[in-house]
Amino acid sequence: MNTRVVRIDEQHIDEALIREAGWIIKKGGLVAFPTETVYGLGGDALNPDSSKKIYEAKGRPSDNPLIVHIARMEDLPALVRTVPETAKKLAQAFWPGPLTMILEKSEAVPKETTGGLATVAVRMPSHPTAKAFIEAAGGYVAAPSANRSGRPSPTVAGYVVEDLDGRIEMILDGGDVELGLESTIVDLTVEPPVILRPGFVTQEALAGALGKVELDVTLFSEDSGQAPKAPGMKYRHYAPKGELTIVRGASAAVTAYINERLSEGRKHNKKTGVIATDETIGEYRADVPRSVGKRTDVNAVAKGLYRILREFDDEGVELIYSESFDGDGVSQAVMNRLLKAAGHRMINV
Ligand code: TXA
Ligand code: MG
């Protein structure tokens, strides 16, 4: 299959191209598109064959459910059994935006889209191109992140091309995404609601709208003894090819420890990489040192993380050490993705 890559300027959306992209979805094809979080790989959410194609193109297990993207609040009721008060409140506060809600699904949503579950994940993205595309596609676009399974989610169209060229009909290139980490997922089918994946809509923000909101116990530890409730969270996602270890502790101790491990790695002829911040990056003796930006700017850390993980792969880095990014709010999202990338390998110094 020949994959067409078309540039879309979100300020001046080319309606003819968007209509074409929408038509591809209506005919059962696949189109990758930008959202404010990461690029999505879209298909018709109400067409079981489209969902099957998405799994095939991604190389993703088909028990891992997809997020259904909508563009208008009026389109929500058709997807769900009922729209609970909690969902109305969250939509009011955070849609369109980087928030996905888990709700009881309606008959209209095929089991292929939800990986056999009785619930459906729904999100209304804020990106103007995403909005126009979803409307042109008929209103319901199932979309996982537009990476091959196991790779970091794509933050630029070039990464989508790397992973999916020849496997899908079209890629809408909207340039760099705004946020760089996937949406917050909150399960509204339980009381109190539970965050299944942390993101830019933080636990504090959700609690502000709903009262009590809990974090899934499996998010930050490997040995909680429970299976994650978001099926996708059980897979080793975002994994770089090199072995990644997070090092946590006082800054000087972290730098000293990492440098020691790096020289050990070099002795064994391993290509080494480091993830640090502007404040400390100059102190590391790694083959591929990468700063995620200022330590105080957690949004920049979130935005740079997946790009850096891909760069390590491109450079053939075998041994990677990362500083830790503990904290509340968006830091929870950053640490959750970093821990997954590291297969939960973390050392306290
Ligand atoms: O920001 C995002 O959410 C991006 C953009 C494209 O919207 N999408 C995204 O999709 O990250 P994906 O498929 O890579 O991640 C979706 C996650 C998976 O971990 C999946 O298991 C979970 O959502 N999920 C989907 N439906 C679910 C459901 N009914 N119950 C629990 N978890 C669900
Ligand atoms: Mg994904």
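Q: How much area do domain 1 and domain 2 bury between them, and what share of it is on carbon and sulfur atoms?

A: The size of an interface is often given as the accessible area lost when the parts come together. In this predicted model, domain 1 and domain 2 bury about 1,700 Å² between them, and 54% of that area is on carbon and sulfur atoms.

Q: Where does the chain divide into these domains, and how many residues of each are in contact?

A: Domain 1 covers residues 4-215 and domain 2 covers residues 243-348, with their C-alpha centres lying 29 Å apart. At the interface, 24 residues of domain 1 are in contact with 17 residues of domain 2.

Q: How many salt bridges and polar contacts does the rule find across this interface?

A: The rule finds four salt bridges between domain 1 and domain 2, and seven residue pairs in polar contact, with both residues of each pair at pLDDT 80 or more.

Q: Which helices each supply at least two residues to the side of domain 1 that touches domain 2, and which classes of residue make up that side?

A: Both α5 (157-164) and α6 (203-210) supply at least two residues each to the side of domain 1 that touches domain 2, and α5 gives the most, with three residues. Sorted by class, that side of domain 1 has nine nonpolar, eight polar and seven charged residues.

Q: At what N to O distance do the side chains of D163 and R310 meet?

A: The side chains of D163 and R310 meet in a salt bridge with an N to O distance of 2.9 Å.

Note on methods
Residues are numbered from 1 along each chain as its sequence is written. Chains are lettered from A and ligands numbered from 1 in the order in which they are written. This is a predicted model: local features need pLDDT of at least 70, side-chain atom pairs count only at pLDDT 80 or more; totals for chains, interfaces and linings use all residues. Side-chain values use heavy atoms; hydrogens and water are left out. Domain bounds come from an automatic or database domain assignment. Contact means heavy atoms within 4.5 Å. Buried area is the accessible area (1.4 Å probe) that two parts lose on being put together, summed over both. A polar contact is a pair of N or O atoms within 3.5 Å; within protein, one must be able to donate a hydrogen and the other to accept it, and residues adjacent in sequence count only if both atoms are side-chain atoms. Helices (H or I, at least four residues) and strands (E, at least two) are DSSP runs, numbered from the N terminus. Ala, Val, Leu, Ile, Met, Phe, Trp, Tyr, Cys and Pro count as nonpolar, Asp, Glu, Lys and Arg as charged, and the others, Gly among them, as polar.
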